[in-house]
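This report goes through one structure, part by part. Look at the sequence and the model first, then read on.

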Amino acid sequence: MNNKILVVAEVRDGALKGISKEAMVFAAAASNSLSAEVVSVALGADLSQVAPALAACGGRRSLQVEDPGLDPYTPEAYVEALSQVISKEDPAMVVIGHSYQAMDFFPRLAAAHGGALVPDVTAMDADGAFTRKVINGKLDARTVPAEGVRIFVSLQQGAFPVTEFSGEAQVESCSVDLSGVTPRKVIEIAPAEVGEVDLAAAEKIVSGGRGVGDKDKFQIVFDLAEAMGAAVGASRPPCDAEWVEHQRQIGSSGQVVAPKLYVALGISGAIQHLVGMRGSQCIVAINKDPNAAIFQEATYGIVGDLHEVVPELIAALNEAKE
Amino acid sequence: MKILCCVKQVPEKDARIRVADSGDWIHSEGLAVAISECDRYAVEAALRLKEAVDGEVAVLLVGGEQGSKSVKEALAMGCDRAIHVITDELTRSDPFVISKVLAKAVEDEGFDLVLTGQQSDDLGYNAVGQMLAQHLGMSHAQIVLSVDPVEDGRIRVSHELDNALIETIELSLPAVLGVQSGINDVRYASLKGIMQANSKPQKKVTLEELDLSAEDLTPKLRIEKVGFPVRTSQAEMIEGDAAAAARTLVDKLRTEAKVL
């Protein structure tokens, strides 16, 4: 293996994904501690817009793999194309952003190469150990890949914020042979139903999670929202259980919001939820579990039963209004 | 259609988590356990498919003897038979080894469709199904929202592909699907189901009996240490009883954060 970090950049609607820029930030830092060379690779049918954008994210070389078989995305074609690039470059580490598309094909790629898959990473230590969340985000696990095995890392969205890039990579085109690939039939790619609840515009949001209890008890979320003049959101479990409409879901498969005030009631703080709200200016978390991950993100936290605290909160708000 | 559903037993969501003395995993004694959330939706999806097209649903669990509680629960929900790979060694193993164990346990069975939850509540690797598909040369989709049989040994699947994008695809069987939570209403076991569960076939195999190679059983990853995250944010914890805490919070939101 070569002392090389191969960053797999993803493309959506002809443009470089933001999460792929984050992967380049990670690679630049990792290349310093490992003295490794960074090579990026983009796949698609037409990369004319992507190539300069990716080269501007640094690294030594930027490989452009253009083939009509790579659009639309299929895991069959991606795994084959990247396998050929990996055979050619022989990198010690392959890096990608932990996007849904990456979840779809990256583990297959790692398995095909007998590699060590380290998914959803939040940090890398100087000694090469990775940090990732376990037990529903409650604990950090220091995770060490086996010696001499190619490492396949996917990075948690938002864990490596984009900064200024220095240097420009040399763009090279790279051809692959996809004649042996039988891709699946892609019938349609469509935006998920967007409801009438547009939380992105709300200045204040009160959100409820599984800890609220049940459908009837969820009324308390609406009550606090009313007292605050806020919109109502939710994490995934209340939407799954149909306590509230799916359109209110905030997180990686729902809406991404960044209000001035975000109040999380009975939300444990699964990463899928956090990526949808951590940009909020002020975050209040009320949860009975002092170790809930949501407190890591909060500006103010109250450990306690939300059904005791929230009525007092509504009373205090109404009092202040008078 | 011959369907396999892979489920994992994990700590219950509300279980009180303590780090074990060894420091490299959680304290398991007396820990409340359950079938991992996404896996429950996978079981339900499997049962609905069986009801729609006829066939059988087998449930597979890799884990210690205590896993039989979850096996029985799946049988009580309506699965027809169970395969329990008994091992205490793999509770926090990496997805490569687990996918090799699953591949070996099912290679002679000829399943048309393998359903798993998209990720487990404990390790959350989000990778075992995809790796299993790779080992067995099967097609695969992740974060699956719906699955419908179509003609000629094919299925139509819709799944999430990036923020708010839903992709609809057709896959040839055999296939592996990683099921998202919330895609159906998971049934409760009926009294009749619970009564019948004990008489359904349950095959128990040990890890040794599966006869995997040393290479397949060599983990690619090791968890060296777990711990509660060091609080990195400036979160200010507000103490006091409910009324006092509520008052302090409103005051701070108004005067300090200036967001009210």
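## A patch of negative charge

The structure described here is a predicted model. On its surface, A:Asp305, A:Glu308, A:Glu312 and B:Asp241 gather in a patch of negative charge. The patch takes in residues of chain A together with B:Asp241 of chain B.

A:Asp305 sits in a loop of chain A, between strand 17 (300-303) and helix 8 (306-321). Is A:Asp305 buried, partly exposed or exposed? Its relative accessible area is 36%. Buried means under 20% and exposed means over 50%, so A:Asp305 is partly exposed.

## A nonpolar patch

Chain B has a surface patch of another kind, a nonpolar one. B:Leu191, B:Ile194 and B:Met195 form this patch, and together they have about 360 Å² of accessible area.

B:Met195 belongs to helix 5 of chain B, which covers residues 191-197. The relative accessibility of B:Met195 is 63%. The cut-off for exposed is over 50%, and B:Met195 therefore counts as exposed.

B:Tyr41 is placed in helix 1 of chain B, residues 37-53. Its relative accessibility is 12%, and since buried means under 20%, B:Tyr41 counts as buried.

Which residues does B:Tyr41 touch, leaving out those up to four places away in sequence? In chain B they are B:Val179, B:Gln180, B:Ser181, B:Gly182, B:Ile183, B:Asn184 and B:Val186. B:Tyr41 also touches A:Asp240, a residue of chain A. For B:Tyr41 and B:Asp122, the separation in sequence is 81 residues, and their C-alpha atoms lie 17 Å apart in space.

Most peptide bonds are trans, and most residues other than glycine have a negative phi. This section and the next look at exceptions.

In chain A, the bond that joins A:Asp71 and A:Pro72 is cis, with an omega of about 0°. A:Pro72 is found in the loop that runs between strand 5 (61-66) and helix 3 (75-89) of chain A.

In chain B, the peptide bond from B:Leu173 to B:Pro174 is cis, and its omega is near 0°. B:Pro174 is likewise in a loop, here between strand 9 (165-172) and strand 10 (175-179) of chain B.

## Two residues with positive phi

A:Asp120 is not a glycine, yet its phi is positive, near 60°. A:Asp120 is part of strand 7 of chain A, residues 116-124. With a relative accessible area of 13%, under the 20% limit for buried, A:Asp120 is a buried residue.

B:Asn126 also has a positive phi, about 60°, although it is not a glycine. Where in chain B is B:Asn126 placed? B:Asn126 is in the loop between strand 6 (113-117) and helix 4 (128-136). Its relative accessibility is 3%, so B:Asn126 counts as buried.

## Chain A as a whole

Chain A has 322 residues, of which 58% count as buried. The chain contains 8 helices and 17 strands. Taken along the principal axes, its C-alpha atoms fill a box of roughly 70 × 45 × 35 Å.

Among the contacts in chain A with a separation of 6 or more, 64% are between residues 24 or more positions apart. The chain exposes about 12400 Å², and 47% of this comes from carbon and sulfur atoms.

## Chain B as a whole

How many helices and strands are there in chain B? The chain has 7 helices and 13 strands. Buried residues make up 56% of its 260 residues. Along the principal axes, the C-alpha trace of chain B spans about 65 × 40 × 40 Å.

For contacts in chain B between residues at least 6 apart in sequence, 69% join residues at least 24 apart. Chain B exposes about 11300 Å², with carbon and sulfur atoms supplying 48% of that area. The 29 positive and 42 negative charges of chain B have mean positions that are 4 Å apart.

Definitions and conventions:
Residues numbered from 1 in each chain as written. Chains lettered and ligands numbered in written order. Predicted model: local features only at pLDDT ≥ 70, side-chain atom pairs only at ≥ 80, totals over all residues. Heavy atoms only, no water. Patch = residues over 30% accessible without salt bridge, like charges linked within 9 Å, V, L, I, M, F, W, Y side chains within 5 Å. Areas by Shrake-Rupley, 256 points an atom, 1.4 Å probe, with all protein chains shown as cover. Salt bridge = Lys/Arg side-chain N within 4 Å of Asp/Glu carboxyl O. Lys, Arg positive; Asp, Glu negative; His and termini not counted. Charge placed at Lys NZ, Arg CZ, Asp CG, Glu CD. Helix = DSSP H or I, 4+ residues; strand = E, 2+ residues; numbered from the N terminus. Buried < 20%, exposed > 50% of the residue type's maximum accessible area, 1.4 Å probe, protein only. Contact = heavy atoms within 4.5 Å.
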